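Please view the sequence and the model first, then read the points below.

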Amino acid sequence: MRKMFWILVIATFVVITGAVTYFGWFYESANSEQPSNNLVDPSTAKIGSASNSKSGSGDAISSAAVSALPSKIDSKGTIKQIIALRKQSSSKDTVKIAESISLLNEKIRKTSNTASISAWQETTACVYDGCTDQVYIKLMDAVAAADLNDKTNKVIHSAVETYMLWDGKNVIYFSESLDKTNKLVRELNQPSINIIWDDIVQCNGKCASFSDKTITLIERVVG
């Protein structure tokens, strides 16, 4: 009887201890699932963080894209400076040549235009000794061709194309180019430019001053 009594006591103790442990665990588990007012909702924090991160990277990409874009060149001012450089080179004015090179180098490099930079490198290689007129004409054409939405540039580019084709080696291309340039020049409706153009046509690519006349035409077109 005594033995049975102690077995019942021990069994009751085990049951009560187990129940207390279970309900204690259940209570803590239930409380741990309730969000604290002092904490940030993880889903909200994640979205906010992702949004900020996306916005930040977008701004960085946008800034990088803008900085990578080539700067729009002042074509008229640059061409005028090239013409000035030609005159300075012809008169061997070393100081003025250096000044013009510094100004042009900054302008042309900023454009990131391959054709302009290549033509510029060719010019700087001979400028102190004296470049041919064709070198300057190629450089002015490269600058103009970088922005053919400008009407002035379109006239210059077409005039240089005709100048290059005036060797008579390709009759069809030359004829089409001459016709196009003639129309563009006439559309400017400037008598002084028409006179120079008529003189070039009369020269027909055979006079000694043919290149000089072409540069004069470009100079008048840019104003």
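Two rings of Phe, Tyr or Trp, the six-membered ring being used for Trp, count as a pair if their centres lie within 6.5 Å. In this predicted model, Tyr-163, Trp-166, Phe-174, Trp-197 and Phe-210 form one aromatic cluster.

**Aromatic pairs**
- The count of aromatic pairs comes to four.
- Trp-166 and Phe-210 form an edge-to-face pair, with 5.4 Å from centre to centre and 80° between the planes.
- Because Trp-166 lies in the loop between H7 and H8 while Phe-210 belongs to helix H10, the pair ties together parts that are 44 residues apart in sequence.
- Trp-166 is buried, with a relative accessible area of 10%, and Phe-210 is buried as well, with a relative accessible area of 9%.

**Nonpolar core**
- The largest nonpolar core has 44 residues. Those with the most contacts inside this core are Ile-79, Leu-85, Met-140, Ile-156 and Leu-217.
- At least two core residues come from each of the helices H3 (75-90), H4 (94-111), H5 (114-124), H6 (133-145), H7 (151-165), H8 (171-188), H9 (191-203) and H10 (210-222).
- Helix H6 gives the most to this core, namely eight residues.
- Beyond its neighbours within four places in sequence, Leu-85 is in contact with Ile-97, Ser-100, Ile-101, Leu-104, Trp-120, Thr-123, Val-127 and Tyr-136.
- In soluble globular proteins, nonpolar side chains tend to be buried together.

**Helix H5**
- Ser-116, Ile-117, Ala-119, Trp-120 and Thr-123 are the buried residues of H5.
- Seen down the axis of H5, these buried residues fall within an arc of 165°, so they line one face of the helix.
- The buried residues of H5 pack against H3, H4 and H6.
- At the start of H5, a side-chain oxygen of Asn-113 comes within 3.3 Å of the backbone nitrogen of Ala-115.

**Confidence of the prediction**
- The protein chain has an average pLDDT of 78, and 68% of the residues score at least 70.
- Residues 1-11 have a pLDDT below 50, and this stretch has zero contacts in the model beyond near neighbours in sequence.
- Residues 13-70 also have a pLDDT below 50, and this stretch has four contacts in the model beyond near neighbours in sequence.
- Where pLDDT is low, the predicted coordinates should not be read in detail.

How values were computed
Residues numbered from 1 in each chain as written. Heavy atoms only, no water. Core = buried A, V, L, I, M, F, W, Y, C linked by side-chain atoms within 4.5 Å. Buried < 20%, exposed > 50% of the residue type's maximum accessible area, 1.4 Å probe, protein only. Helix = DSSP H or I, 4+ residues; strand = E, 2+ residues; numbered from the N terminus. Contact = heavy atoms within 4.5 Å. Arc of directions from axis to C-beta. Polar contact = N/O pair within 3.5 Å; in protein donor to acceptor, adjacent residues only side chain to side chain. Phe/Tyr/Trp six-rings, centres within 6.5 Å; stacked < 30°, edge-to-face > 60°. pLDDT = per-residue confidence, 0-100.
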